[in-house]
Amino acid sequence: MRSLRWLVAAGLAAMLAGCMVGPDYTKPDISTPQTWTEASTPGGISADARWWDAFQDDILAKLVQESTAQNLDVAQAVDRLAEARANLGATRSGLFPTLDASASGTASRGVSYGVAGNSMNSTSVSTSSDTSVSTSVSTSVGIDASWELDLWGKTRRSVEAYKAEAEAAEADVRSARLSVVGDVAKAYVDLRTAQKRMQVGEAAVGRYRDTLVLTQARLNANLVSESDVFKAKGSLAAAEANLPPLRSAAAEARHKLAVLMARSPTDLDSWLGIGGALPRFQGAIDTGIPADLLRRRPDVVKSERKLAAATARIGVEQAKLLPAISLTGNIGASQTNIGGVSIGVPGTWSIGPSITMPIFNAGKLGYQKDAAVAQANQAAGAYRASVLAALQDVENAFANYRADRQKVVTLATAVANYGLALKLAKDLYSRGLTSFLDVLEAEQSLYSNQDSLAVVEGQVLKDIVAIFKGLGGGW
C-alpha cells in the first residue's frame, strides 16, 4: 500500500507539473470604428432591452413570447447546447482515474474411470471397474483501475476546446432566438402592411365606383361619350384586380407566423383577427459604439468561441506526438472449491506504470496537427469576417431606415396633394369644365401613392427590426 500511495502521489505531481503543449488562446484584438457612419442616434432604447415592446403592440409582444418558447429552430439549438455540455462533462472525466469492478464464477464436473481386475480362460473374459465423479467451483472478484497522466495537457486542452464549444452553443441559442424574434416582427409587419394595402385598395375601388356612377349619369344626359364609361369601368376592374394578391400576401404572412410559432395557421386566427393597424414605434434607438457588437452579437460571440476551440485543439494534436504514461492497478481475490476442499488467494493486488510512444505512423499525427493549425487559421478569418459583416448589417439597416423615413414624408405630401387634385378634377368634370382623363389620372395617382405609402411605412418598421437585429439586441 505504501508503493500504491507513492505511485499515485508521483503521478499527481507529474500531472500538475506537466506542461501544456500548444498555443495559449488570447482573444484577437480586432479594431472597430470609434463611431457609426450612418447610425448617429444618441440615447434612446437600448438594444439590450426588450426592444419589441417599443412598438406598443400587445399582439406582437404575445407573438414574440410564444415563438421564443415554441419555435422548433430554437428547440434544436437548445438541444445542441445540451449535447455540447454533455461532451464537456465527458471530456472532463478524462482528468480522473477510472475504476471497473469485475466478478466471475465457473463450475465444472469431471468423471474418471479405473479398471479393478480381470480373469481369462478359454471360454470367457470378465472385467470390473470403478467410476468417480468430481466437481470444482471457482470464483473471483476484483477492482481494476487505470489513469492516463495528462503530462502534456492533451486532456486539459480538450476540456478547453469543449468548454469553448459549449459557450458557442450558448451563443447559438441566443442567435436562434434573435432570428426568430426578428422574423416574427417582420412577418407581423408584413401582415399588417398587406391588410392596410387592402384597405387602401378597397377605398380606391369605392372611389372608382363613384366615378363610374358620375360618368354614367353624364352619359345619360348626353354630356359625354360612351368611351368615358368604358374607361371608368376599366379603371374599376383594374383596381379590383389588385385586391386578390394582397389577400394572398396577408395569408402568406399568417402562415409564416404559424410556422415560427410551431402552430397551425388556424390557431392564430383568434390572436390576429381579420385586420389591424400597423405597429407604431415610439422613441429613438441607442446604438452604443461599434465595439459593443463584439459582446452583443451572438453570431460574433459564437465565431470567437469557435476560434478558441480550434486553438485548443492544436495542443490536443501536438500532445499526440509525445509519449503517454498511464498507471494501471488491480485489487482482487479468488477461491476454488474442489470436492469440498477450498483453495483461496485473498487480497491480491498489482500496480504499475506503462508508457506508449509513437514511433512510425507515416506522418499521420504530424498531418493532423497541421490540419488543426489550418482549422484555427480558418476560424480566425471567420471571426474577423463576422465582425465586418455585423458592422455592415448595422450601417446598412440605418441607411435604409433614414432613406425610407424620408420617403414616407414625401409620399405623405404626394398623397395629400393628389387627394386635393382628385376632388378638384371631379368637381370640374361634373360641371363639364375638364376631361375625364384628368379625373382618371388623379384617381390613379392618388391610389398609387397611397399604396406606396403603406408599403414604405411597413418597410420603415422592418428597418427598425433590422437595426435591433443587427445590434444583436434583446438576448
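## Helices α10 and α11

In this predicted model, the axes of helices α10 and α11 come within 7 Å and cross at roughly 160°. An angle over 145 degrees counts as roughly antiparallel, and α10 is therefore roughly antiparallel to α11. The crossing in which α10 passes α11 is left-handed. When the residues of this contact between α10 and α11 are sorted by class, 24 are nonpolar, eight are polar and eight are charged.

## The largest pocket

Helices α10 and α11, the latter spanning residues 436-470, are also the elements that give two or more residues to the lining of the largest pocket.

The largest pocket has a volume of about 500 Å³, and 23 residues line it, of which Phe281, Tyr401, Arg405, Val460 and Ile464 are the closest to its centre. By class, the lining of this pocket is made up of 13 nonpolar residues, together with four polar and six charged ones.

## Helices α4 and α10

Helix α10, which covers residues 364-430, also packs with helix α4, which covers residues 154-220; their axes come within 11 Å and cross at roughly 15°. Because angles under 35 degrees count as roughly parallel, α4 and α10 are described as roughly parallel to each other. The crossing of α4 and α10 is left-handed.

On the α4 side, the contact is made by Arg207, Asp210, Thr211, Leu214, Thr215 and Arg218, while α10 contributes Leu422, Lys426, Tyr429 and Ser430. Taken by class, the residues of this contact of α4 with α10 comprise four charged, three polar and three nonpolar.

## Helices α3 and α4

Helix α4 has a further partner in helix α3, which runs over residues 72-92; the two pack at an angle of about 170°, and their axes lie 9 Å apart. This angle makes α3 roughly antiparallel to α4. In the contact of α3 with α4, 13 residues are nonpolar, nine are charged and four are polar.

## Drawing the pairs together

Helix α10, in turn, is roughly antiparallel to α11, and both α10 and α11 give residues to the lining of the largest pocket.

Notes
Residues numbered from 1 in each chain as written. Predicted model: local features only at pLDDT ≥ 70, side-chain atom pairs only at ≥ 80, totals over all residues. Heavy atoms only, no water. Axes fitted to C-alpha atoms, helices over the stretch in contact; angles between N-to-C directions. Helix = DSSP H or I, 4+ residues; strand = E, 2+ residues; numbered from the N terminus. Parallel < 35°, antiparallel > 145°, perpendicular 65-115°, else oblique. Left-handed = near helix turned anticlockwise from the far one by under 90°. Contact = heavy atoms within 4.5 Å. Nonpolar A, V, L, I, M, F, W, Y, C, P; charged D, E, K, R; others polar. 1 Å grid on protein atoms, 1.4 Å probe; cavity = no way out; pocket = protein on both sides within 12 Å on 5 of 7 lines; lining within 4 Å. Points joined across faces, edges and corners; volume = space filled by probe spheres on them.
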